[in-house]
Amino acid sequence: MIRVLLADDHEIVRDGLKRILGAAGDLQVAGEAADGDQALALVKGNDYDVALLDMSMPGLSGIDLIKRLKIEKPQLKLLVLSMHGEHQYAARALKAGAAGYLTKDSAAEQLVGAIRKVAAGGVHVSDAAAAGLVSSARAPHEALTDREFEVLRLLAGGRSPTEIARQLHLSVKTVSTHKAHIQEKLGLGGTADLVRYALEHKLT
């Protein structure tokens with residue numbers, strides 16, 4: 001039996017996932033988390049085979065969450081289930097320690113297959129993500145650090161520097177510094193330009 005931890009801030013999504021995994025026969029939902037901090041606490045206190053993670057949750061999330069979970073339980077297999085289908089997010093997730101990346105529009109059979117694959121030690125990425133990973137064209141935002149990328153995504157999502165600082169456990173000054181570096185690397189002006197860039201590249 002493969003023990004799975006579900007981490008998603010939407011209860012309706014978790015309920016749907018529980019039904020899909022419960023029907024598989026060899027998968028057991030052994031824990032649920034509504035945010036990254038809860039996921040980390042559960043991983044510290046329990047043993048799971050696979051953690052199925054949303055990339056965008058309150059508190060600790062995204063690349064930071066992947067890195068923290070791998071530090072806590074190096075043997076835990078992490079499968080990202082995200083609404084972000086862009087190849088740069090898959091690449092960053094895999095580099096941080098995830099064993100797979102799947103978009104939320106994937107079929108139920110694909111999800112079950114991906115969990116079995118990563119539980120067995122394999123790596124899974126969707127066809128679209130795989131195509132992006134081998135693409136030779138590099139977008140300007142791929143030069144951003146993981147932290148800068150996360151700040152850009154949150155700014156584009158309408159978060160203020162103060163809100164971002166609180167979520168990422170940083171000072172407002174540090175967030176402002178990251179924002180300045182992002183603008184410099186992307187050759188953009190103010191927040192409106194950053195939002196426009198993020199929308200054009202489907203980063204939100």
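Modeller: Buried means under 20% relative accessible area, exposed means over 50%, and partly exposed is in between, with a 1.4 Å probe and protein chains only. This is a predicted model, where local features need pLDDT of at least 70, side-chain atom pairs count only at pLDDT 80 or more, and totals for chains, interfaces and linings use all residues. Residues are numbered from 1 along each chain as its sequence is written, and side-chain values use heavy atoms, with hydrogens and water left out.

Colleague: OK. How many helices and strands does the chain have?

Modeller: There are 10 helices and 6 strands. Those are DSSP runs numbered from the N terminus: helices are H or I with at least four residues, strands are E with at least two.

Colleague: And how does the radius of gyration sit against the globule rule?

Modeller: The chain has a radius of gyration of 17 Å, close to the 17 Å the globule rule gives for 204 residues, so it is as compact as a globular protein of that length. The radius is taken over C-alpha atoms, and the rule is 2.2 Å times the number of residues to the power 0.38. Along its principal axes, the C-alpha trace spans about 55 × 35 × 30 Å.

Colleague: What share of the residues is buried?

Modeller: Buried residues are 44% of the 204. As for contacts, meaning heavy atoms within 4.5 Å, 64% of those with a separation of 6 or more are between residues 24 or more positions apart.

Colleague: Switching to charges. How many positive and negative side chains are there?

Modeller: The chain has 25 positive and 25 negative ones, and the centres of the two sets lie 4 Å apart. Lys and Arg count as positive, Asp and Glu as negative, while His and the chain ends are not counted. Each charge is placed at NZ of Lys, CZ of Arg, CG of Asp or CD of Glu.

Colleague: How many salt bridges?

Modeller: The count is 13, where a salt bridge is a side-chain nitrogen of Lys or Arg within 4 Å of a carboxyl oxygen of Asp or Glu.

Colleague: Let's take Arg-92. What does it pair with?

Modeller: Arg-92 bridges to Asp-146, with the closest N and O atoms 2.8 Å apart. That pair links distant parts of the chain: Arg-92 is in helix α4 (residues 87-96) and Asp-146 in helix α7 (residues 146-156), 54 residues apart.

Colleague: Is Arg-92 buried or exposed?

Modeller: Buried, with a relative accessible area of 8%.

Colleague: Which other bridge links distant parts of the chain?

Modeller: Asp-47 and Lys-73 meet in a salt bridge at 3.2 Å, N to O. Asp-47 sits in the loop between α2 (36-45) and β3 (50-53), and Lys-73 in the loop between α3 (62-72) and β4 (77-82), 26 residues apart. Asp-47 counts as exposed at 53% relative accessibility, whereas Lys-73 counts as buried at 14%.

Colleague: Which residue has a positive phi although it is not a glycine?

Modeller: His-169, at about 60 degrees. His-169 sits in the loop between α8 (161-168) and α9 (172-186) and is exposed, with a relative accessible area of 58%.

Colleague: Last one. What does Ala-33 touch?

Modeller: Not counting residues up to four places away in sequence, its contacts include Leu-5, Leu-6, Arg-14 and Leu-42. Ala-33 lies in strand β2 (residues 27-33) and is buried, with a relative accessible area of 1%.
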